[in-house]
Amino acid sequence: MDVRSTLSYLYWLFCQFELITCSYLMEPWEKVLFYSFNLAMLGLLLYTTYVCVAFQASSAFQLLCSFLGTPRENALAVVK
Amino acid sequence: KNGVSNGTLYKKTFIEHFEQAPMYVAVFTFVGFAVGTIFGYLRDFMRAWGLEKRNIATEREQQKDFVPLYQDFENFYTRNLYLRIRDNWNRPICSVPGPQFDLMERVTDDYNWTFRFTGRTIKNVINMGSYNYLGFAETDVNALKTVTRELEKYGTGVCSTRQEMGTLDKHVELEKLVAKFLGVEDAMVFGMGFATNSMNIPALVGKGCLILSDELNHTSLVLGARLSGATIRIFKHNNMQSLEKLLRDAIIYGQPRTHRAWRKIIILVEGIYSMEGSIVRLPEIVSLKNKYKAYLYLDEAHSIGAVGATGRGVVEYFGMSPNDVDVLMGTFTKSFGAAGGYIAGKKGLVDFLRAHSHSAVYATSMCPAVAEQIIRAMKCLMGLDGTTQGKPPSFLPSFLPSLISAATRASLWVWVLLAQAKPHPAARKYCNGSVKEILLIVILIL
């Protein structure tokens, strides 16, 4: 079953993560603390990515669209 | 990493490579240690502020004003990092350490602070760590017949030191056998392998002597060197350039303040280093020792019985003669399945040790049943017990000359019998009918 081998591979990856970050050795409350800290950091990273990078990506996309449509006086003028 | 080796001294190419771990392994290891350290600080903080129960040694209230006892890094590491994983080590076993053994089941209720035995045993655990290299530590009744006989004859306790009443005929027999096995003049056996090193190096060297010891030498060698009172200098592991530099500096500059010549320079090396697995570069060390007139002490604890075509150790592995090494030391713990150690070499050296070794004067001698176990193991390795289990097959070259002469004699007898039937007409021309006599004389001479 492909799903089972994929799941076991993912479990193996998770075990590697636990061993590398020493969370395999931690007591349960320490694990909760560590994982919640990690997930919080990851969420913050994704939010920052969403806020900052999205604006850049949308302005770059508009620039591209302006090349296909009407030519402009200067390339930096962004369509409002 | 060990410098360029002198390839012309080796009889066959000696290649040793230790692969380096990839970069991501090193990075991940540091990540793990960093996380462990952060959590260690957190737990220490919680313990100091009373949020968590303290299970370890702490100072009493009256001692808090003095120098802190448990704040150094070693205690921090032991308390926070080693404690989390210490259930992997120091487990008691309850069977002979063969290829599989039985383990006592041990559980911890409070995350490795305390352990308790449940009373059950885990059977047939695969053995990856014992020193039972050749399998002589066994419980087979047929193999241990002679050992049982000696145990019933002598008992277990010797109850005396070697110099008083502790030298048994078993020890003399064993020492002769060890000397024969190694190809040296004489040998002396001691009850404990660690004590062989730590008690005999102080007898051989003293103040005013120089010890050049390898970086990764065993604790017994280090302890013996420190106990002796001689000056110790360390050379990089298996690095002959480092050793030669130290030897040259020692001979040029002499002792530290007075610049007198050193009384003795001795090089301490091991045959196989137990933690690294590297084999000593013996031909180069022997050539250095001969050039600079130093002595060589070779600790073959792990290599005797296990290395070399017939198990004689690194000396045989490199095709050298045992006379090149001044002091051959080894233990019986690893390949022979017993306990104890030996020192072998020239007769003068061993006689000196019989009189002056600390172990000979104060330590109890080897148990005779253990000595018999070593004798039986050694006889098996040398092929003296009648089987070919230990000795590699080499019977053909030894009786080939006698085979050839027997075949020649048989063919001549056949010819004589045939010639008696009808004498050769051609030979009659040269000698009148005395061919048969000549043939008989020739055969008798042969």
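This is a predicted model: local features need pLDDT of at least 70, side-chain atom pairs count only at pLDDT 80 or more; totals for chains, interfaces and linings use all residues.
On the side of chain A that touches chain B, helix α2 (residues 28-68) of chain A gives the most, with five residues. By class, that side of chain A comprises eight nonpolar, one polar and two charged residues.

The contact draws on 11 residues from chain A and 11 residues from chain B. The area buried between chain A and chain B is about 1,100 Å², of which 74% comes from carbon and sulfur atoms. Of the area that chain A buries against chain B, Ile20(A), Leu25(A) and Glu27(A) supply 44%, more than any other three residues.

Helix α1 of chain B (residues 23-48) contains 26 residues and, at 1.5 Å a residue, should span 38 Å, which agrees with the 38 Å between its end C-alpha atoms. The buried residues of α1(B) are Gly32(B), Val35(B), Gly36(B), Phe39(B), Gly40(B), Arg43(B), Asp44(B), Met46(B) and Arg47(B). These buried residues pack against α1 (2-20) and α2 of chain A, together with α2 (73-85) of chain B. The helix is followed by Gly50(B), whose phi is positive, near 80 degrees.

Over all chains, the structure holds 23 salt bridges. Arg149(B), Glu150(B), Lys170(B), Glu173(B) and Glu372(B) are linked in a network of such bridges. The side chains of Glu150(B) and Arg149(B) meet at 3.4 Å, N to O; Glu150(B) is buried at 5% relative accessibility, whereas Arg149(B), at 49%, counts as partly exposed.

A further salt bridge joins Arg354(B) and Asp186(B), the closest N and O atoms being 3.0 Å apart. This pair links distant parts of the chain, with Arg354(B) in helix α10 (residues 347-356) and Asp186(B) in strand β3 (residues 186-190) of chain B, 168 residues apart. Arg354(B) counts as partly exposed at 25% relative accessibility, while Asp186(B) is buried, with a relative accessible area of 11%.

Notes:
Residues are numbered from 1 along each chain as its sequence is written. Chains are lettered from A and ligands numbered from 1 in the order in which they are written. Side-chain values use heavy atoms; hydrogens and water are left out. Contact means heavy atoms within 4.5 Å. Buried area is the accessible area (1.4 Å probe) that two parts lose on being put together, summed over both. Helices (H or I, at least four residues) and strands (E, at least two) are DSSP runs, numbered from the N terminus. Ala, Val, Leu, Ile, Met, Phe, Trp, Tyr, Cys and Pro count as nonpolar, Asp, Glu, Lys and Arg as charged, and the others, Gly among them, as polar. The expected span of a helix is 1.5 Å times one less than its number of residues. Buried means under 20% relative accessible area, exposed over 50%, partly exposed in between (1.4 Å probe, protein chains only). A salt bridge is a side-chain nitrogen of Lys or Arg within 4 Å of a carboxyl oxygen of Asp or Glu.
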